[in-house]
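Work through the exercises below with the sequence and the model open side by side. Try each task on the structure before reading its solution.

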There are 2 protein chains.
Amino acid sequence: MKEANRLQHIKEYYFSRKLKEIEKLQKQGRDIINLGIGNPDLPPSYEVIKELSQTASMASAHGYQSYRGIEGLRKSFARFYKKYFGVKLNPHDEIIPLTGSKEGIMHISMAFINPGDKVLIPDPGYLTYRSATLLAGGIPVGYDLFPENNYLPDLKALEKTNLEEVKIMWINYPHMPSGSLAPASFYKKIIEFGKKHQILIVNDNPYSFILNNEPRSLLHYDPGMETSMELNSLSKSHNMAGWRIGMLAGKKEHIDAVMKFKSNMDSGMFLALQKAAIKALNLNEEWFENMNRIYRKRKIIAEKIFEKLHIHHGKDQAGLFLWGKIPGETDSKTFTDKLLYEKEIFLTPGFIFGNNSKNYVRLSLTNSTGLLEKALKKLEK
Amino acid sequence: MKEANRLQHIKEYYFSRKLKEIEKLQKQGRDIINLGIGNPDLPPSYEVIKELSQTASMASAHGYQSYRGIEGLRKSFARFYKKYFGVKLNPHDEIIPLTGSKEGIMHISMAFINPGDKVLIPDPGYLTYRSATLLAGGIPVGYDLFPENNYLPDLKALEKTNLEEVKIMWINYPHMPSGSLAPASFYKKIIEFGKKHQILIVNDNPYSFILNNEPRSLLHYDPGMETSMELNSLSKSHNMAGWRIGMLAGKKEHIDAVMKFKSNMDSGMFLALQKAAIKALNLNEEWFENMNRIYRKRKIIAEKIFEKLHIHHGKDQAGLFLWGKIPGETDSKTFTDKLLYEKEIFLTPGFIFGNNSKNYVRLSLTNSTGLLEKALKKLEK
C-alpha cells in the first residue's frame, strides 16, 4: 500500500540518524558524551509521583476520561496562568489538557489549515512546526530570526511580503534553540500584526520557567484571545517530559475547533496523570528556584566548554540550552562531526534548526555537572 | 480564525449530547441508570498498578521516551500475539505501541489516505472510522452488515461495486456493537479480497478476550501482512481504558509510513505506563477467566432486562455489550428516549452506529450486577 502524498516531504531527521550512530559508537565501547539531547534528566516533585501512585491504586481510576480532562486539572492550569502570567482563562472552555504540547502543534494545524494555506515558521526553530504544517497540507514559509535582532522577527520586512494566504504564525519565546526572550513590546506588536493580517499567532511556551526571571505569556497581550493561542507543557517546567502532559489555551471558538479534531483521535488522559499534574501545577515558587539552581551550575561549566571550543555565546539565554556561534567559517555539521570523532563529545549542529543557524551549535543543560566536567576535561587533554 | 474545511462534516455526536442531558437529569435528582456507556469499570491487575508506582518512583523514569516504545513492551506485544493468536511478529519493526488504539485509526488514515480516496467502513460500526476518514480527506463508503449474515460483509456484492478508488477497509471482529464473531473462513476470504483489489484491510481487535473462547487475529491469515494491519488495545482486555495503551501491528513498510505521521505528533509513552503494560501482557489465562466470570454474571441479568423489554438478541455475542432488536417498528431513538424518561434507564440507540441498526439497542456490560438488578427491578414495577 502506497503511503499518502502528505508524507512525501517528511523524512527521518538527520538528528535521529545521528543519535543512532552515537548509540552504535557507544556500544562499540567509545566513551561518547552526548550533550545534544534536550531531555530533562531531573525527576518531578515527590508529591507528584505520590499522587500518581495513590490515584492509580483507586479502583475507580481506570476508565475512559472526558476529552476535555477533569475540571480540577483545567482549573489548576487556569490558576497557574493567573499566578505566573497574569492571564485570566475560563477553565470551562478556554483550556484543554494535551498529551504533551507537541500533539497540540498537529491539532492546531489540522484544525485551521486548508491545503495550500501558508504558515509562518521560525528559522531557526523547532522542526515540528514545519512537519505538522506539511502533514496538514499547508505550505511552511520560514521567517528569519537573526542574533542581531535578538532572534525577533522583522515584522516590517514581513509586511512587505504577501501575507494574504498566511493563516498561522508560530512563535516560540523563550526561543529554542537560541534562548532569546521577547520583550513586552514585541508581544504587543505581534498581536497587532496578527489582528491586522488575520493571522492566528500561536506561542509555544514550554521554556518560560527555565533560567528566566520574567515568565511571559502571549495571551497577556491579547485579552480577548482574538488572534492568539498558546501551548504550554509540564515537560521542562516540572521535569515531566516523559509523562506527556501539556495544555492549549485560547478563546472558546478556537478551542472548540481543535477539539473537533482531537476528540476524534483520542480520549482523555489517564486520571492518575491528571491528578499528578494538578500537584505539579500547585507547587510553589521554590520548586522553580531549586531547579534553576541546578541549571545555573551546569551552565557555568557549559560556558567553559564553549570557551574552550572558541564558541561565542550571547548572555542571558533562557531555557534548557546554551547556544553559540562556532569560530571561523566552518559549518556546524563539519564542526560537530569533528568534535564527535576526535573528542568524543556530541553537540547539536545548528543547521538542523534552519538555514540561519548553519554556524551555530546547541549544548543541552539536561546533563549532570559531572558529565559536563568530564566533557571539559576531555577538551583540556 | 475560520476552522479548516476538513472539520465541516465533523459534528458533536448525538451520543455525547445525550450523555450531557443524562448528567443534567441526574443532577436534578433523577435516579437514572445509564447502561449506555462501554467504559470498563473493573480495575487492572494489582501487579500492573504496582509496576506503575515502582517505575514512577525511579529518578530516571521521567524523560522523553523513544517514539517506538521500549523494546520490552514491543517484545511483550509480540509474545502476546504468538501465544493467543499464533501470529509471529518482529518486535523490532512490525509493532508500535499507541496511546490507545483510537489514535491508530487516525494515524493509519493520515498515513495512507489521499484526498478523494475511498474507505470502506462497517454499517453498523464504530463511529471513529468515519470521522478519521473525513479528517484525512477521504470518502467513507459504508458497507452493510446484516444479522442474517451474522454481521459479515457480503464480499460478492461489494465486488459488484466500483472498488478502484478504495484504499482501506476497516473491519472489527469481534464486532462492535453486535458482538458477532468472524469465522476463520471469513478472514481467509477478506485477505484474498484485499489482495485482489489492493485494499489495506485493517482489523480493529479490542474485544477478542471478552466473552469469547476463540480469540483470532486477522494477521494469522496473512503471514506476510501484505494487505493487512491490526489494532489492539489493553482497554477492554486488561481494564486499562483510561490508561491509553494500544498497539498497531503490520509489515515494516506499513508501520514505517504510520510512524512518519505519528512521530511528528507525539513522543513515546511514559516509561511507567510502558512497564505496567508489560505486566498486563504477561498475565496468564486466569486473568481473562476471572474477568469473564464477572461479565457472564452480568450478561444473565442483561438478558433478563432485554426479555422484559421484548428486545430480541442473538446468542453467543462476544465483547462488552448485549445487542438486540427492539419490538415492533419503533425506531431506536424513540424507544430509548421513552425508556429514559419513563423508566429512568438509558440504553444506547442503535441508529448512532449506522443506517442498518435503527431498530436496535446496545446495553453495556460494564455495569455492576447490582446496578443491572436495580434496572431490572425498575422495569418490573
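This is a predicted model: local features need pLDDT of at least 70, side-chain atom pairs count only at pLDDT 80 or more; totals for chains, interfaces and linings use all residues.

Residues are numbered from 1 along each chain as its sequence is written, and chains are lettered from A and ligands numbered from 1 in the order in which they are written.

**Exercise 1. The two copies**

Task: Determine by what turn and shift chain A can be laid on chain B, and describe the side of chain A that touches chain B.

Solution. Begin with the superposition, done by least squares on the C-alpha atoms of residues with pLDDT of at least 70 in both copies.

Chain A gives 54 residues and chain B gives 54 residues. On the side of chain A, at least two residues each come from helix 2 (46–56), helix 4 (101–112), helix 5 (128–135) and helix 9 (252–262); helices (H or I, at least four residues) and strands (E, at least two) are DSSP runs numbered from the N terminus. Helix 4 of chain A supplies the largest share, six residues. By class, this side has 29 nonpolar, 17 polar and eight charged residues, where Ala, Val, Leu, Ile, Met, Phe, Trp, Tyr, Cys and Pro count as nonpolar, Asp, Glu, Lys and Arg as charged, and the others, Gly among them, as polar. Finally, 100% of the contact residues of chain A recur in chain B, and the same surface serves both copies.

**Exercise 2. Two domains in chain A**

Task: Find the domains of chain A and say which elements of domain 1 supply at least two residues of the side that touches domain 2.

Solution. The assignment, which is automatic or from a database, gives domain 1 as 5–43 + 286–380 and domain 2 as 60–281. Their centres, taken over C-alpha atoms, are 25 Å apart. In the contact between them, 27 residues of domain 1 of chain A meet 28 residues of domain 2 of chain A. Helix 11 (285–308) and strand 10 (321–325) of chain A each supply at least two residues of the domain 1 side, and the largest share, five residues, comes from helix 11. That side divides into twelve nonpolar, eleven polar and four charged residues.

**Exercise 3. The open sheet of chain B**

Task: Give the strand order of the seven-stranded sheet in chain B and explain why strand 2 and strand 4 each have one side without a neighbour.

Solution. The order is 2-8-7-6-5-3-4, in an open sheet with mixed pairing; two strands pair if DSSP finds at least two bridges between them. Strand 2 (95–98) and strand 4 (139–144) of chain B stand at the edges with a single partner strand each, so one side of each lacks a neighbour in the sheet. For one pairing in detail, take strand 3 (residues 118–123) of chain B, which runs parallel to strand 4 over six bridges, with Leu120(B) opposite Val141(B).

**Exercise 4. Strand 13 of chain B**

Task: Which residues cover the two faces of strand 13 of chain B, and which strands pair with this strand?

Solution. First count the buried residues, those with 20 or more other C-beta atoms within 10 Å of their own, C-beta atoms being placed from the backbone (12 or fewer is exposed, in between is partly exposed). Five of the five residues of strand 13 (residues 360–364) of chain B are buried. Tyr360(B), Arg362(B) and Ser364(B) lie on one side, Val361(B) and Leu363(B) on the other, and both faces are covered. Then follow the partners: strand 10 (residues 321–325) of chain B runs antiparallel to strand 13, joined by five bridges, and Lys325(B) has Tyr360(B) as its bridge partner.

Key
Two residues are in contact if their C-beta atoms, placed from the backbone, lie within 7 Å.
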